[in-house]
Amino acid sequence: MAAATLVVSLVMSGLTFWAVNTIQLDARLNDTRFGSDLGLLLATNTAPLIAENNLTEVARFSSRFYRSTSSVRYLMYADVDGKVFFGIPYSEAAVQNSLSIERSIQLPENYAQNTDLPLIRQHKTPDGEVTDVFVPINHEGQNLGVLAIGINPNATVVASSNLTRDVTIAVFISIWAMVILGAVFNALTITKPIKELSVGVKNIAAGNFKQRIDLPLGGELGELIYSFNEMAQRLESYEEQNIEELTSEKAKLETLVSTIADGAILLDTNFNLLLVNPAARRMFDWLSSDIMGQNVLNLFPRELTGKLSQPLAKMAAGESLNVNTDDSPSNDLLDESEEHQPTPVELRISLSSPFRKSLRIILIQVFDQYRETVKGIAMTVQDITREVALNEAKSHFISNVSHELRTPLFNIKSFIETLTEFGEDLTETERREFLETANNETDRLTRLVNDVLDLSRLESSKIYNFDAIDIGQIIEQILRTYQLNAKDKGLELSYEVESNLPPVLGHYDLLLQVISNLVGNALKFTKSGGKVVLRAYPIKIKYNHTDLNKIRVEVSDTGIGIDAEDQDAIFDRFYRVENRVHTLEGTGLGLSIVKNIIDKHCSKIHLISEVEVGTTFWFDLDLFEEQMTTLESRNINQSNTISNVFSL
């Protein structure tokens, strides 16, 4: 608008000034014509008078013309040398004295070459531009001088031109004053709100939904500002609602992830940690450190970092993987079946430092919503150390059981085949010996199967009914059972049981099996000449600042002992100390059965042992009367509580 106003104003002003100049040129041309005609007329009429030197008549004639018109500014007569001998209003012919100022006319340079024609020129005066007309005075072919006439400009034309010029300038200034005032008004009433709206829109685009515009404007601009504020308010409400929903979903996700037993780790494409659940923190000992945002390759154990660097780099780059999942080169990773599909990749890694562990790590790529760009990597870490150990123990157990089953089955089959084929050739003593051996091997098979069945039954959810048990009676039965075996091996089997022991709370058959297994192991692993002692005596232990009476049962021997590194695992299933110390037969189930039975009696089996010195196993049992009293008091308290609730 300013440019258009400038162009229009300049064009109109130019046209106005062009018109004024045209009028002035026409007026000047008229003045020139008027001066030329007047000069020729005067020169023609005054030439004879000048030739006669009748200056008085020349003055009278010239004065009549001068007074008859206001257009003539001056009249001057000069000789050929330019000396003025008469001029109006400068002199009177009659007034000539020695004090008179001698005047002269500076004739134009080319006047000598144009003495027959009038010469025109203009000069500026304080009163305006004056047209000078120089007319030669000739009489009878003789040049008598020159007549100079000054013609005033047309007053009406000058006044009109000046007025037009002033009005044009005033209009030009007024237009630009209005433009400036309009720009200021526009800046105050329109531009400022628009700038505020522009800033507000930018803030809204940047996520600042608290932006508001407080300008008291009406009309369409006011409605626009009102609509903007309403939009910002709704966006702020939506943002708060979305943030609340996202926070709630994030809390649910974090809660869900924190309850996962396996380690869960989320990485970005630069392997920086975004999410770690408590299981993973415990697994890698990250509980006491702030690890979020750090590179996981700098936090993993060195052995794990070396094996995960290449798979993680390939997954972050979106490449398909084809590397080993295990420490053995025979197992391959599951590579991606389809492009851009998040196919899980499983690795099994065994760590030796800083701790011995076996881990199953499942890697999966996290894509964007279009499944085109990899945004991160999710890791699931499972500690399969126990699983590996159980598998190894299971394999070891199967190997042991197979061996234990194969040996007696082979012996039974061999003796029965011998009896079948050569029974008539054998003596009665040999046949009886063969049958006795087959019977012993059958008993051995029965014991093996019974051990497996007992362990399976104990680890099931079967409920046993406990009652008052005389522990001395169990010990006496064990002594009668194993006394003959002890004498055959040259061992001393004795007991130290206090008289009048109170009954304990337990299961007779299960406790009999516990003590039987412990005594059997003691006899098996004690050399000839050693001792095996069974003890039972009352003790008091403190529990929650209360003295509890219990019966402690001990089985001590002077056998080969158990090494310290084996004592922690001695009660595990399928674990056999004889694999390291000796080569006696066994399935490794006896002590595991003992531990399960004692656990069901709400107690714990303990041992103390030294190699080549001996071993002592012991456990504590609750008294029957004390336990029943506790249960009765607990039931009474519960009944009182219920009655109080009903009374309330």
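**Loops, helices and strands**

Modeller: Let us start with His 507, which lies in the loop between strand 13 (504-506) and helix 10. Please bear in mind that this is a predicted model.

Colleague: Is His 507 buried or exposed?

Modeller: His 507 has a relative accessible area of 19%, which is under the 20% cut-off, so it counts as buried.

Colleague: And which residues is His 507 in contact with, leaving aside its neighbours within four places in sequence?

Modeller: With that exclusion, His 507 touches Tyr 464, Asn 465, Phe 466, Ile 469 and His 601.

Colleague: Now to helix 10. At what angle do helix 9 and helix 10 pack?

Modeller: Helix 9 (residues 471-489) and helix 10 (residues 508-524) pack at about 25 degrees, and their axes are 10 Å apart. Angles under 35 degrees count as roughly parallel, and the two helices are therefore roughly parallel to each other.

Colleague: Is the crossing left-handed or right-handed?

Modeller: Helix 9 passes helix 10 in a right-handed crossing. Helix 9 contributes residues including Ile 471, Ile 474, Ile 478, Tyr 482 and Lys 489 to the contact. On the side of helix 10, Tyr 508, Leu 512, Ile 515, Val 519 and Lys 524 are among them.

Colleague: How do the residues of that contact divide into nonpolar, polar and charged?

Modeller: Twelve are nonpolar, five are polar and two are charged.

Colleague: Back to loops. Which value of phi does Asn 53 have?

Modeller: Asn 53 has a positive phi of about 65 degrees, although it is not a glycine. Asn 53 belongs to the loop between helix 1 (2-51) and helix 2 (55-68). With a relative accessible area of 56%, Asn 53 is exposed.

Colleague: What about phi of Phe 271?

Modeller: Phe 271 also is a residue other than glycine with a positive phi, near 65 degrees. Its place is in the loop between strand 6 (263-268) and strand 7 (273-276). Phe 271 is buried, its relative accessible area being 13%.

Colleague: In which sense do strand 1 and strand 5 pair?

Modeller: Strand 1 (residues 72-78) and strand 5 pair in the antiparallel sense, over six bridges. Within this pairing, Val 72 stands opposite Ile 151 in strand 5.

Conventions. Residues numbered from 1 in each chain as written. Predicted model: local features only at pLDDT ≥ 70, side-chain atom pairs only at ≥ 80, totals over all residues. Heavy atoms only, no water. Axes fitted to C-alpha atoms, helices over the stretch in contact; angles between N-to-C directions. Helix = DSSP H or I, 4+ residues; strand = E, 2+ residues; numbered from the N terminus. Parallel < 35°, antiparallel > 145°, perpendicular 65-115°, else oblique. Left-handed = near helix turned anticlockwise from the far one by under 90°. Contact = heavy atoms within 4.5 Å. Nonpolar A, V, L, I, M, F, W, Y, C, P; charged D, E, K, R; others polar. Pairing = 2+ DSSP bridges. Buried < 20%, exposed > 50% of the residue type's maximum accessible area, 1.4 Å probe, protein only.
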